[in-house]
Amino acid sequence: MEAGQVRARWRDQRRQEFFKKEAWFAASLVGMEVRGYQPTDFERERLARSLAARRNPAAPEAVAVSAEPRSAERVPESGGAPAPRPQGSDLIVGRLVDHGAAPYGHDPKQPMSYFVRVETARGDREIWGVDLERAFRQSLSTPGIGDEIGVRSVGRQPVTVLAPKLDAQGRETGQAPLDTHRNQWIVERKNFLDERQRMAEVLRNAETPAADGIRRHPELEGSYLQLQMGRALAEQQFRDKAQREQFVDHLRSHIAQRIEFGQPLDPVMLRGEERTVSPRSQDRDFQPTR
């Protein structure tokens with residue numbers, strides 16, 4: 001069997017599994033019995049939470065889940081480079097329900113993409129992005145189904161894709177290259193991101209001595225060394241004290257944001273040691289899990 005046929009069969013199986021699960025959940029919400037599908041313990045717990053929320057919609061932690069799957073939420077894959085605090089960088093928090101490769105919006109006519117579905121306090125939320133597959137492969141905290149996770153867009157990468165070429169009547173006549181941007185994502189366990197946020201707050205505080213910051217979070221040693229090297233570079237490049245301080249402040253903010261967003265920490269290097277490949281750049285064996 002050719003590789004293309006294997007991929008097509010895997011996609012069909014994945015799509016059938018997805019719709020079986022959604023059908024079971026939707027039918028169970030309205031009290032219908034469904035045969036031919038064996039839900040996991042997490043799926044049963046999720047159903048129980050949803051039924052409880054329907055009985056008590058005013059509860060603070062109520063989860064309003066529609067019997068119909070929510071339409072896909074698409075994050076635009078175009079635009080310029082992100083600012084220090086990108087508009088689209090808000091952290092999406094919830095329990096991981098499902099993730100995997102699928103046609104965009106689960107529409108067989110759409111191109112393949114990757115989705116993540118999380119159960120939030122306001123209901124299920126589905127995020128789409130090709131880079132989400134890489135984010136799962138290279139996650140530093142290896143989240144699994146049922147874990148509380150955080151999903152965040154951390155930047156955009158320029159890419160060239162083939163887009164439909166239309167005539168004056170709107171009919172597709174072929175394809176043409178299109179320069180656009182693709183969102184880059186981080187997917188980590190929530191407790192991992194909470195710890196990273198605490199570390200970032202320590203580094204952001206310029207009044208905290210480096211020794212104290214490292215004592216509280218030894219993992220920050222490489223980040224403080226990078227900040228020290230940046231300060232030395234500023235001494236060489238700028239005569240004006242205000243410019244030197246501004247440079248160091250910008251560098252501190254940049255490093256702290258990378259830490260908060262869950263990106264790899266700067267390694268500690270000995271004199272003459274070459275920089276090693278970042279842990280996040282090394283893919284591990286990965287298969288989407290139910």
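Guide: We'll take the overall layout, then the nonpolar cores, then the aromatic rings. Keep in mind that this is a predicted model.

Visitor: Fine. How many helices and strands are in the protein chain?

Guide: The protein chain has seven helices and six strands. In sequence order the pattern is α-α-β-β-β-β-α-β-β-α-α-α-α.

Visitor: What share of the residues counts as buried?

Guide: Of 290 residues, 38% are buried. The accessible surface is about 17700 Å², and carbon and sulfur atoms make up 49% of that.

Visitor: And the contacts? What share comes from residues 24 or more positions apart?

Guide: 62%, counting contacts with a separation of 6 or more.

Visitor: On to the core. Which residues have the most contacts inside the largest one?

Guide: Val116, Leu132, Ile149, Val151 and Val187. That core has 15 residues.

Visitor: Which elements give two or more residues to it?

Guide: Strands β2, β3, β5 (148-166) and β6 (172-189), plus helix α3 (132-137).

Visitor: Pick Val187. What does it touch, leaving out residues up to four places away in sequence?

Guide: Val187 contacts Leu132, Ala135, Phe136, Ser139, Pro143, Ile149, Gly150 and Val151.

Visitor: What about a second core?

Guide: It is separate and has 13 residues, among them Met199, Ala200, Leu227 and Ile259.

Visitor: Switching to aromatics. How many pairs?

Guide: Four aromatic pairs. Take Tyr104 and Trp128: the ring centres are 5.3 Å apart and the planes sit at 65°, so this pair is edge-to-face.

Visitor: Why does 65° make it edge-to-face?

Guide: Because planes over 60 degrees apart count as edge-to-face, and this pair is at 65°.

Visitor: Where do the two residues sit in the chain?

Guide: Tyr104 is in the loop between β2 (92-103) and β3 (112-120), while Trp128 is in strand β4 (residues 123-128). They are 24 residues apart, so the pair links distant parts of the chain.

Visitor: Buried or exposed, Tyr104 and Trp128?

Guide: Both names come out buried: Tyr104 at 18% relative accessible area, Trp128 at 2%. The cut-off is under 20%.

Visitor: Now Phe238 and Phe247. What kind of pair is that?

Guide: Tilted, because the planes are at 50°, and edge-to-face needs over 60 while stacked needs under 30 degrees. The ring centres of Phe238 and Phe247 are 5.8 Å apart.

Visitor: How accessible are Phe238 and Phe247?

Guide: Phe238 is partly exposed at 26% relative accessibility. Phe247 is partly exposed too, with a relative accessible area of 30%.

Terms used: Residues numbered from 1 in each chain as written. Predicted model: local features only at pLDDT ≥ 70, side-chain atom pairs only at ≥ 80, totals over all residues. Heavy atoms only, no water. Phe/Tyr/Trp six-rings, centres within 6.5 Å; stacked < 30°, edge-to-face > 60°. Helix = DSSP H or I, 4+ residues; strand = E, 2+ residues; numbered from the N terminus. Buried < 20%, exposed > 50% of the residue type's maximum accessible area, 1.4 Å probe, protein only. Contact = heavy atoms within 4.5 Å. Areas by Shrake-Rupley, 256 points an atom, 1.4 Å probe, with all protein chains shown as cover. Core = buried A, V, L, I, M, F, W, Y, C linked by side-chain atoms within 4.5 Å.
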